[in-house]
Amino acid sequence: MGEPGKPPRHVGIIPDGNRRWAAQHGLPVLEGHRRGAETTMRALSWCEEAGVEEVTVWALSLDNIARRPNVAGMATAIAELVDRVDGHPGWDLRLIGSPGRVALPVRAPDTSKDIVDRRLLVNLAVAYDGREEIVAAAQALLTADPLGKLDATALSAELERRGQPDCDLIIRTSGELRLSGFLLWQSVHSELYFAPELWPEFTERSLHRALDSYARRDRRAGA
């Protein structure tokens with residue numbers, strides 16, 4: 001659990017509203033996703049400056065893929081975002097989810113970076129579903145030891161080993177008041193913050209409102 005007055009160690013972001021922003025401004029959907037990617041880059045920098053150590057951004061859900069078979073525009077914006085995050089000095093990128101399920105032009109992150117110089121761990125969740133993440137972790141545990149004990153402690157440890165520890169604060173934009181399965185296991189004790197802005201309109205002030213709200217809360221681990 002976080003300490004009073006300290007920033008959250010792990011922040012999850014559901015960057016909702018790119019399509020609606022594009023529609024409101026009479027722009028193509030791809031432009032909405034690209035503006036959203038710009039906001040993501042800025043938000044990661046703001047998180048780094050605020051002392052956040054890890055950020056997980058939900059770039060594409062499996063539900064989106066099912067509802068919108070043509071995700072070419074989103075794929076292009078995600079690929080551009082992957083390249084920019086991966087090329088940022090001091091940021092360590094991980095791709096989580098199942099990007100191989102769709103034809104996303106996403107290359108593997110650079111794993112040769114020196115972890116000593118890392119200032120921010122960035123997880124981009126591509127073709128991600130929280131339930132499937134839990135199933136995959138359970139399957140991995142049973143494959144490694146079919147007779148081993150499968151319990152909450154073991155599952156949490158496996159998810160952390162995969163780079164997904166418990167999340168302190170989850171931010172969702174566009175006024176939607178649900179998590180939609182994001183970080184389903186890791187959010188059990190998360191503080192939630194729902195911002196009214198569409199994601200391309202999210203600002204540094206918006207982030208600090210979320211961080212200030214988190215700092216004022218009395219965290220009791222769900223009690």
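Because the model is predicted, local features were required to have pLDDT of at least 70 and side-chain atom pairs pLDDT 80 or more, while totals for chains, interfaces and linings use all residues. Residues are numbered from 1 along each chain as its sequence is written, and side-chain values use heavy atoms, with hydrogens and water left out.

The protein contains seven helices and six strands, where helices (H or I, at least four residues) and strands (E, at least two) are DSSP runs numbered from the N terminus. Read from the N terminus, the order of elements is β-α-α-β-α-α-β-β-α-α-β-β-α. Of the 223 residues, 47% count as buried; buried denotes under 20% relative accessible area, exposed over 50%, and partly exposed the range in between (1.4 Å probe, protein chains only). Among contacts with a separation of 6 or more, 75% involve residues 24 or more positions apart, a contact being defined by heavy atoms within 4.5 Å.

Helices α5 (residues 130-144) and α6 (residues 152-161) pack with their axes coming within 9 Å and crossing at roughly 105°. Axes are lines fitted to C-alpha atoms, for helices over the stretch in contact, and angles run from 0 to 180 degrees between N-to-C directions. The two helices are therefore roughly perpendicular, a class that covers 65 to 115 degrees, whereas angles under 35 degrees count as roughly parallel, those over 145 as roughly antiparallel and the rest as oblique. On the α5 side, the contact is formed by Glu133, Ile134, Ala137, Ala138, Ala140 and Leu141, which meet Ala154, Leu155, Glu158 and Leu159 of α6. By class, this contact comprises eight nonpolar, no polar and two charged residues. Here Ala, Val, Leu, Ile, Met, Phe, Trp, Tyr, Cys and Pro count as nonpolar, Asp, Glu, Lys and Arg as charged, and the others, Gly among them, as polar. Helix α6 also holds Glu160, which is exposed at 51% relative accessibility. The C-alpha atoms of Glu160 and Gln186, 26 residues apart along the chain, are separated by 9.3 Å.

A search of the whole structure identified 16 salt bridges, each defined as a side-chain nitrogen of Lys or Arg within 4 Å of a carboxyl oxygen of Asp or Glu. One of them joins the side chains of Asp16 and Arg172, with an N to O distance of 3.1 Å. Asp16 lies in the loop between β1 (10-14) and α1 (18-24) and Arg172 in strand β5 (residues 169-172), so this pair ties together parts that are 156 residues apart in sequence. Asp16 is buried, at 18% relative accessible area, and Arg172 is likewise buried, at 6%.

A further salt bridge links Arg178 to Glu176 (2.6 Å, N to O); Arg178 is partly exposed, with 44% relative accessibility. Glu191 pairs with Arg217, their closest N and O atoms being 3.1 Å apart. Because Glu191 lies in strand β6 (residues 191-194) and Arg217 in the segment after α7 (204-216), the pair ties together parts 26 residues apart in sequence. Glu191 is buried, at 16%, whereas Arg217 is partly exposed, at 28%. Through shared partners, salt bridges join Asp16, Arg20, Arg172, Glu176 and Arg178 into one network.
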